[in-house]
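Open your viewer and get ready to select residues by number. This tour goes stop by stop.

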Amino acid sequence: MSLNLHLLRLFTMVVRTGSFSRAADALHISQPAISKGVRDVELQVGCRLLDRTPKGVRPTREGKALVRHAETLFAAERAAEDELLSLRNLDSGSLRIGASTTIATYMISDYLGAFHRKYPGIDLHLVIANTRDIADLMLAHDIEIALVEGPVEDDELESHAWRTDVMSLIVDARHRFAAAERGIDGAALGDEVLIVREPGSGSREVVAQALAAEGIEPRRTLEIGSTEAIKQAVAAGLGVAIVSSATISDQVTLGRLKVVPMRDLQIERTLWQLKVPGRIEIPAATVFERMIWQDKRVAEVA
């Protein structure tokens, strides 16, 4: 059986968008053409690949397997195109980097700048999302580099420890903890409102696991979807937060936030690079990966 790559592309777009009409719009062809293409693929492979529901379509078990292989094929196609473009001294092509929020905002700008200065012909694309979303983008071959803040349990991904990040408790300058020069016991957080990131965030998972291991349960949590917004909320007195030390130097310097040591609790997390085993790496990704691994600095408390 020889799969028709054009039909495979139509089927994959339907799975990605969850809809025949959205797939047709994305590919700029008619919906009947999409429907016929999917039927032809199903006839070709001899089984049903999609379940039609009132809310859209979703792949069957066989459909999921085919999509996984299709994504690999299309990634190899893109890699071949990019490699042919960039073989001559990396003077053209593109590199798509996915990073979870803290890494993208505070940790890789120097690497991006160094790469751009050395290879100005490479178009850089930075995708910022939480850890789970970055993992999904890597699995879908939508990015070449994936850097995340939390552990990812997925049999289709390899996680490589990249660097260590220290997490710090921050409060506003008027908070009762701010006067505790020798720090506090972690149990004192049980009387506080703890401001946390959204579900799927690596930093939220690490903090939650560390507190649970010590039997510490904050009085209440307040969920905010970005570290910058969390810092502003802490400075306004809405609660306390435990965030990456790499994110707080500006507000600490201005005196709006204060770092409070926790005498009996030190929270560190490993930052990870995610890779798909056996994936063909384009030259730009190989060079960028070499750059970030040559300088595995440990984040220090501001």
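Select Asp 172 and look across to Leu 257 in strand 10, which stands opposite. Helices (H or I, at least four residues) and strands (E, at least two) are DSSP runs, numbered from the N terminus. This is a predicted model: local features need pLDDT of at least 70, side-chain atom pairs count only at pLDDT 80 or more, and totals for chains, interfaces and linings use all residues. Residues are numbered from 1 along each chain as its sequence is written, and side-chain values use heavy atoms, with hydrogens and water left out.

Now show strand 6 and strand 10 (residues 257-260). They pair in the antiparallel sense over four bridges. Two strands pair if DSSP finds at least two bridges between them.

Strand 6 pairs with strand 9 over four bridges, in the antiparallel sense. Pick Ser 168 and find Val 243 of strand 9 opposite.

Nine bridges join strand 11 to strand 6 (residues 158-172), and the two run antiparallel. Select Arg 163: its bridge partner in strand 11 is Leu 271. While you are here, remember that side chains in a regular strand alternate between the two faces of the sheet.

**Stop two: two single residues**

Select Leu 211 in helix 8. Is Leu 211 buried or exposed? At 3% relative accessibility, Leu 211 counts as buried. Buried means under 20% relative accessible area, exposed over 50%, partly exposed in between (1.4 Å probe, protein chains only). Leaving aside neighbours within four places in sequence, Leu 211 is in contact with Leu 189, Leu 194, Ile 216, Pro 218, Ile 242 and Leu 265. Contact means heavy atoms within 4.5 Å. Now pick Met 262. Leu 211 and Met 262 are 51 residues apart in sequence and 12 Å apart in space, C-alpha to C-alpha.

Move to Glu 198, in the loop between strand 7 (193-196) and helix 8 (202-213). Glu 198 counts as buried because its relative accessibility is 17%. Neighbours within four places in sequence aside, its contacts are Asn 130, Arg 204, Glu 223, Ile 224 and Gly 225.

**Stop three: helix pairs**

Two packed helices are described by the angle between their axes and the distance between the axes. Axes are lines fitted to C-alpha atoms, for helices over the stretch in contact, and angles run from 0 to 180 degrees between N-to-C directions.

Show helix 6 (residues 109-118) and helix 11 (residues 283-294). Their axes come within 10 Å and cross at roughly 130°. That makes helix 6 oblique to helix 11. (Angles under 35 degrees count as roughly parallel, over 145 as roughly antiparallel, 65 to 115 as roughly perpendicular and the rest as oblique.) Select Tyr 111, Leu 112, Ala 114 and Phe 115 in helix 6; they meet Ala 284, Val 287, Phe 288, Met 291 and Ile 292 in helix 11.

Go on to helix 1 (residues 5-17) and helix 2 (residues 20-27). They pack at about 120°, with axes 8 Å apart. So helix 1 is oblique to helix 2. Here the contact includes Leu 10 and Met 13 of helix 1 and Phe 20 and Ala 23 of helix 2.

The axes come within 9 Å and cross at roughly 110°. That makes helix 1 roughly perpendicular to helix 3. Among the residues in this contact are Leu 7 and Phe 11 of helix 1 and Ile 34 and Val 38 of helix 3.
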